Amino acid sequence: MTNTPEARSDAPLTAPGEILHVGAADYPGLDEWRSLPLSQQPDWRGHEDFDSAYAELSAHPPLVFAGEVDKLKRRLAKVANGEAFLLQGGDCAETFDGVTADKISAKVKTILQMAVVLTYGASLPVVKMGRMAGQYAKPRSSDVETRDGVTLPTFRGEIVNGFDFTEESRVPDPKRMVKAYHKSAATLNLVRAFTEGGFADLRAVQQWNKGFMQNPAHARYERLAGEIDRAVRFMEACGADFEGLKRTEFYAAHEALLLDYERALTRIDSRTGKPYVTSGHFVWIGERTRELDGAHMDYLSRVQNPVGVKLGPTTTPETVLEIIEKLDPEREPGRLTFIVRMGAANVREKLPPLVRAVSDAGAKVVWVTDPMHGNTITADNGYKTRRFDDILDEVRGFFEVHRSLGTYPGGLHVEMTGDDVAECLGGSDVIDESAFDQRYESLVDPRLNHKQSLELAFLVAESLTTVK
C-alpha cells in the first residue's frame, strides 16, 4: 500500500489514466459460478434488501487498486523464488466493533514487530499482509445451531448475521455486506495512514514495544531492537538515506468466502481490460470450498489477484496439480500460494508428497504454513483453543520438510491479535484455561496474543537462517 525504495522504482500504484470501471456486468464468464455447486453461503437471495445492497456495493469505489494488486504479485514472485518471506496475520474473524484506532494499531504494530524480527534475524525482505479489512465471513461445519431445543442459523461472521443467539440476530442480512465494506474502507484508511505517516518508521522500532508487560519474548525483542537502533545510528552517521526506513508496504487479505460480496466488488481494469477483485489485494479459498468443479474455484480462476488455497491433511498430490491447472495454467510467478494446514501430528508425513508433486511438475508456488487451523482443540472448560507447543511443532515440521526436499518455506499464516487476550494455551508467559473467562474475546477461533506472536516470529527467523 505504500512505497519502499524498491517500490518507487516501479510504476506508480495507479498508472496515469488507470480507472477501474464501476462494474463488470458484461465480462465473459464472471457469472459462470452462479450455475456451479456453491457451499458455505447464507440463504439471503430472496431477502427484500438483497438487490439494493448488491447494487450499492457494485457502485461503490474499489477498496484496493489493480496497480497495488499487481505489485503484490511481483512481491510474491520473489517469495516463490526464495528471495523474500510472506507474513500473514490477523483476526480469525473481524468484528465491526473491532474497527477502532487502538485495536487496528495494536494489530499492525504486532505484525510490524514480527516482520522486524524476521527481516533482521534472517536477512530477508518480508512481505507484510494483514488478515484484515475484509475477514468478516467464516465457514462453518453446520448451517444451523441448536441450544436448549432452539435451532437457529449458525453464526457466519458479522458480514452475514449477528453472534447473539436470537432469531432476529441470526437472520442473514445482506445490508451487512454494505456495512462490512465501510468498515473495511475505514480499516484500510487507518492502515495506510500508519504505514505511510511515520508509524512504521524503523527508527521507532524500540517504541513499538512500549505498553506491554515484559516476558522472555519481549526481552529478546528489546535486545534485537537495540541492535537495530545501533545499526541505524551508524548508518545515519555515515550519511545514509533513511527514506526506505520511514514507511512500509502493507497488504490486505481475506478468505473469498462470500461470493456475492466478491462479485459485487469486482472491477475491470481499464489498462488491461481484465477483472480484479477489489475487496482486498490477496484472497484465498478455504479447505471447505476448494472443490475443483465448485463456484469458488471457478470465480477466482477468472480474476487477476494473487490467490491462496488452503490444503489440509486429506489433500492428495493429484488434487494439488489439478488446482494448479485450474488457478495458474500460465504458471505466472506470484499468482498461486498454497497455505498448508496439516496439524502438528500430520505435517511431516502429509506435506512431502505434495511438495514433491509440485516440484516434479515444475510449478513455482509460494508455500505457506498455517499452524493454527490443524491444531484446534476444546479445553476442559468448553472453550475452543490451541496449544502453543502444537503451533510451534507444526512450524518446525513445515521447515523440516522443505529443508529435506531442498524447497523453500515461503511464509507464515497465523490468527493473531495485538491485544493481551488469553485464547491459546502456553507460551513463555503461560496462558492456562483459568484465564479464558476473563480474557477470551474471539467470536470464532482462538488467536495468538501479542507475546505469543513475537515468540513465534523468533522461531521462524531461526528456522529461516538454517534454510539459508
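**Close-up 1. Ser184 in helix α6.** Ser184 lies in helix α6, which covers residues 175-196; helices (H or I, at least four residues) and strands (E, at least two) are DSSP runs, numbered from the N terminus. This is a predicted model, in which local features need pLDDT of at least 70 and side-chain atom pairs count only at pLDDT 80 or more, while totals for chains, interfaces and linings use all residues. Residues are numbered from 1 along each chain as its sequence is written, and side-chain values use heavy atoms, with hydrogens and water left out. With a relative accessible area of 0%, Ser184 is buried, a word that stands for under 20% relative accessible area, with exposed meaning over 50% and partly exposed in between (1.4 Å probe, protein chains only). The side chain of Ser184 reaches the backbone oxygen of Ala180 at 2.8 Å, and it also reaches the backbone oxygen of Ala133 at 3.2 Å. Leaving aside neighbours within four places in sequence, Ser184 is in contact (heavy atoms within 4.5 Å) with Leu63, Ala133, Gly134, Tyr136 and Tyr261.

Close-up 2. The structure holds one cavity of 30 Å³ or more, and about 50 Å³ of space lies in the largest cavity. On a 1 Å grid over the protein atoms alone, a cavity is a set of points where a 1.4 Å probe fits but cannot get out, and lining residues have an atom within 4 Å of a point; grid points are joined across faces, edges and corners, and a volume is the space filled by probe spheres set on the points. The lining consists of Gly134, Gln135, Tyr136, Ala137, Ile159, His254, Glu255, Leu257, Leu258, Tyr261 and Glu262. Two or more residues of this lining come from each of β5 (251-255) and α9 (259-264). By residue class, the lining divides into six nonpolar, three polar and two charged, where Ala, Val, Leu, Ile, Met, Phe, Trp, Tyr, Cys and Pro count as nonpolar, Asp, Glu, Lys and Arg as charged, and the others, Gly among them, as polar.

**Close-up 3. Asp91 and Ala93 in the loop between β1 and α4.** Asp91 has its place in the loop between β1 (85-90) and α4 (101-122), and Ala93 is likewise placed in the loop between β1 and α4. Asp91 counts as buried because its relative accessibility is 9%, and Ala93 counts as buried because its relative accessibility is 13%. The side chain of Asp91 makes a polar contact with the side chain of Arg447 at 2.6 Å; such a contact is a pair of N or O atoms within 3.5 Å, and within protein one must be able to donate a hydrogen and the other to accept it, while residues adjacent in sequence count only if both atoms are side-chain atoms. Not counting residues up to four places away in sequence, Asp91 touches Lys107, Arg131, Gln135, Met416, Thr417 and Arg447. Ala93, with its neighbours within four places in sequence left aside, is in contact with Gln135, Lys138 and Val444.

**Close-up 4. Cys92, His373, Glu415 and Asp445, a set of annotated positions.** An unreviewed UniProt entry places the feature "binding site" at Cys92, His373, Glu415 and Asp445. Although these positions are spread over 354 residues of sequence, they cluster in space, with a largest C-alpha distance of 9.9 Å. UniProt positions are given in the numbering used here, feature names are shortened, and annotations may be inferred rather than shown by experiment. His373 is found in the loop between β11 (366-369) and β12 (376-378), and at 14% relative accessibility His373 counts as buried. Glu415 is found in strand β14, residues 411-415, and at 0% relative accessibility Glu415 counts as buried. The side chains of Glu415 and His373 make a polar contact at 2.9 Å.

**Close-up 5. Arg131 and Lys310, from another annotated set.** The unreviewed UniProt entry also gives the feature "binding site" at Arg131, Glu287, Arg288, Lys310 and Arg341. Arg131 is found in strand β2, residues 126-131, and is buried, with a relative accessible area of 1%. Lys310 is found in strand β9, residues 307-311, and at 5% relative accessibility Lys310 counts as buried. Not counting residues up to four places away in sequence, Arg131 touches residues including Asp91, Cys92, His373 and Glu415, whereas the residues that Lys310 touches, under that sequence limit, include Glu287, Arg341 and His373.

Technical notes. 1 Å grid on protein atoms, 1.4 Å probe; cavity = no way out; pocket = protein on both sides within 12 Å on 5 of 7 lines; lining within 4 Å.
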